[in-house]
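Please examine the sequence and the structure before reading the solutions.

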Amino acid sequence: MVVAGIFIFAHSMAISSCLCHPLVLPLKDKQPIGTWGNVGVDQRLTSAPRSMNAETFGRQITGVGTDLQSEWSFLGGSRVIIRPQVTKFIRHQKGFHIHASWLSGPQLVSTVFTLGTAGVLPFYTLMVFAPKAELTKKSMESSIPYVVLGVLYAYLLYLSWTPDTLRLMFASKYWLPELPGIAKMFSSEITLASAWIHLLAVDLFAASHVFQDGLQNQIETRHSVSLCLLFCPIGILTHVITKALTKSS
């Protein structure tokens, strides 16, 4: 009698469990996300959504899923527990970001250096290969190249300026420049670029003066102008010697 009562009680509990909870059928090609055990049998339940990457209004949610588990006991029957799993929540701010670093980056300094060098070459080309052309005369009378070089130099000087700049320039007790201080100041690429633009402006101004003086006095200046591009003091010296030899002859 006792054995028969236990068998009937267990059988009725199993029937009530089946009637109270719906049957979960396995889905094809779905990732198992939970397990449940019943009387030593390990079965896996699946859920349709594996993971989802959704981006809505600038927000991205990655790794969204569900953890579906089923538990069974003699007293409480079986129950299904669904636990959402959100592994990562990333907020993307859309739009354009203006970074101030590009205004003083090494790439910009290199670009200014290249533009300054390439900008003066057409003027030297005209003075050397077409010294008597009307275009060359008007170009060398213009102040536009000096204005452009001056703006570039001022900008690079602003970038390279530090609280120690004046102290490095006038390092001696007599407020005169010293070579170690100048060498330390020019250890920066921005300072070197500003010095190069400075040289380009001064060299072009000297070459223009040599060119115009040669036109007024009918003196050959192409060799002197060419030297002014990279060796400005030598170009000026060459023009002085050429002028002296032309007058003596």
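Phe170 is partly exposed, at 31% relative accessibility; buried means under 20% relative accessible area, exposed over 50% and partly exposed in between (1.4 Å probe, protein chains only). This is a predicted model, in which local features need pLDDT of at least 70 and side-chain atom pairs count only at pLDDT 80 or more, while totals for chains, interfaces and linings use all residues. Residues are numbered from 1 along each chain as its sequence is written, and side-chain values use heavy atoms, without hydrogens and water.

**Exercise 1.** Determine how the rings of Tyr146 and Phe205 are arranged.

Step 1. Rings of Phe, Tyr and Trp (its six-membered ring) pair if their centres lie within 6.5 Å; planes under 30 degrees apart count as stacked, over 60 as edge-to-face and the rest as tilted. The count by this rule is 3 aromatic pairs.

Step 2. For Tyr146 and Phe205, the centres are 5.9 Å apart and the planes form an angle of 75 degrees, an edge-to-face pair.

Step 3. Tyr146 belongs to helix H4 (residues 144–160) and Phe205 to helix H7 (residues 189–217), so the pair ties together parts 59 residues apart in sequence. Helices are DSSP runs (H or I, at least four residues), numbered from the N terminus.

Step 4. Tyr146 is partly exposed, with a relative accessible area of 22%, whereas Phe205 is exposed at 56%.

**Exercise 2.** Classify the pair formed by Phe170 and Trp175.

Step 1. The ring centres of Phe170 and Trp175 are 6.4 Å apart and the planes stand at 45 degrees, so the pair is tilted.

Step 2. Trp175 is exposed, with a relative accessible area of 62%.

Terms used. Helices (H or I, at least four residues) and strands (E, at least two) are DSSP runs, numbered from the N terminus.
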